[in-house]
Amino acid sequence: MSDWLLSATWSPYVVGAGIGILIWMTFLFSDRPLGVSTAYAKTAGMIEKAVSRKNVASMPYYRQVTPEADWQWTIIIGVIAGGFISAYTAGTFALSAVPPLFAETFGADTLFRFAVALAGGIIMGIGARWAGGCTSGHGISGTLQLSLASWVAVICFFAGGILAAGLLFGFRFL
Amino acid sequence: MPFEGIRQNKSLQALLGLVFGTVFGFLLQKGGVTLYDVIIGQLLLTDFTVVKVMLSAILVGMVGVHAMKAAGLVRLHVRAGSIGSTVIGGLIFGVGFAVLGYCPGTAAGALGSGALDAAVGMAGIVIGAGIFARLYPVLERSVLNRGKFPAETIPQLLGVSPMPVACAVAIMILVILALFATMGL
């Protein structure tokens, strides 16, 4: 049992089923779907608030997404901690900067990878808030509620992603 | 609704968020979906781990959430989307997905496993969310409400109860997963 618990990887089906059961819990005990992209908007609001409290009060978006450390914010801290616990206990925790596939395609320069990650993150942050959710909020929690918007969103996530990845790496499946 | 006391307790909820997040991050890391190569492999259609995780989560989650809904234990949380919000935002997200190589949840799990580029990506997502918040009043007036979807859920769109739709989705997921197995993906 503990060997399995600490093994580096689990079957994707087991992991998926586990996430499904986790979502039962978030609905039951927190009356919420599981989503993480709101945490990033709250963090942006907290930074704005630290710079100018008045400015934040005047921005309509932060009246909807309040910059406070509530459930929707603590979840992201948990995800970082959970990733660490899983990797550390399995003995796979290791600092890295340039993923292997990136290095073999674009070179192993750390600063270049960081610049690309920053640009990708900015695009993703805008897109996640624009669409009102991410791969977890729309892609899993929304689709399982049979939300029309979430099914459209997840199709668009993958359509945009497959097209952009194909342009960057070449359409390898062809 | 049951558990209303727990649901209204703000500090307990902040703690529960941390607990649920930890379980989520642990599972994402165990599934291998916190790896850049696995996520890009999915977008290149050479590695189907991400879709396998997502479809199994949808299948299991859908059964439980709809059963609890029918029993009066939970309520659904869905919002109507629009072409201007869901489609345009979704496509922008997709481009970011391919450039960053993580999504907002898996980036956090990747950082926990030591991926420093994921931390930089997370900073980018915060900046992007901040840019969106600044643009929000203009976008709200001009784009976000364009082409509102006629229904919040697929059953509402079809004018049927959730049960047959949930069954159809469950069968569709099982067929896709069986196809992956037979194709050796």
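## Terms and model

A residue is called buried when its relative accessible area is under 20%, exposed when that area is over 50%, and partly exposed in between, with a 1.4 Å probe and protein chains only. By that rule A:Leu146, at 0% relative accessibility, is buried.

This is a predicted model, in which local features need pLDDT of at least 70 and side-chain atom pairs count only at pLDDT 80 or more, while totals for chains, interfaces and linings use all residues. Residues are numbered from 1 along each chain as its sequence is written, chains are lettered from A and ligands numbered from 1 in the order in which they are written, and side-chain values use heavy atoms, with hydrogens and water left out.

Helices here are DSSP runs (H or I, at least four residues), numbered from the N terminus. Seven of the eight residues of H9(A) are buried, so this helix is largely enclosed by the rest of the structure. The buried residues are A:His138, A:Gly139, A:Ile140, A:Ser141, A:Gly142, A:Thr143 and A:Leu144. They pack against H2, H8 and H10 of chain A, together with helix H4 (49–70) of chain B.

A:Leu146 sits in the loop between helix H9 (137–144) and helix H10 (148–169) of chain A. Its phi is positive, about 65 degrees, although the residue is not a glycine.

## Helix H10 of chain A

The N-terminal end of H10(A) is capped by A:Ser147, which has a side-chain oxygen 3.4 Å from the backbone nitrogen of A:Ala149. Just after H10(A), A:Gly170 takes a positive phi of about 90 degrees.

## The interface of chains A and B

Contact (heavy atoms within 4.5 Å) links 120 residues of chain A with 118 residues of chain B. The area buried between the two chains is about 10,200 Å², of which carbon and sulfur atoms give 76%. Buried area is the accessible area (1.4 Å probe) that two parts lose on being put together, summed over both.

Across this interface, 34 residue pairs are in polar contact, with both residues at pLDDT 80 or more. On the side of chain A that touches chain B there are 79 nonpolar, 33 polar and eight charged residues. In these classes Ala, Val, Leu, Ile, Met, Phe, Trp, Tyr, Cys and Pro are nonpolar, Asp, Glu, Lys and Arg are charged, and the others, Gly among them, are polar. A polar contact is a pair of N or O atoms within 3.5 Å; within protein, one must be able to donate a hydrogen and the other to accept it, and residues adjacent in sequence count only if both atoms are side-chain atoms.

## Salt bridges between the chains

A salt bridge is a side-chain nitrogen of Lys or Arg within 4 Å of a carboxyl oxygen of Asp or Glu.

The side chains of A:Glu48 and B:Arg134 meet in a salt bridge, 2.7 Å from N to O. A:Glu48 lies in helix H3 of chain A and B:Arg134 in helix H7 (residues 116–142) of chain B, so the pair joins two chains. A:Glu48 is buried at 13% relative accessibility, whereas B:Arg134 is partly exposed at 48%.

A:Arg113 and B:Asp117 form another salt bridge, at 2.8 Å from N to O. This pair also joins two chains, because A:Arg113 lies in helix H8 (residues 110–131) of chain A and B:Asp117 in helix H7 of chain B. Both are buried: A:Arg113 has a relative accessible area of 0%, and B:Asp117 has 1%.

A:Asp31 is found in the loop between helix H2 (12–30) and helix H3 (37–51) of chain A. Its phi is near 55 degrees, a positive value in a residue other than glycine. A:Asp31 is buried, with a relative accessible area of 15%.

B:Arg75 forms a salt bridge with A:Asp31, and their closest N and O atoms are 3.0 Å apart. A:Asp31 and B:Arg75 belong to a network of salt bridges that also links B:Glu4 and B:Arg7.
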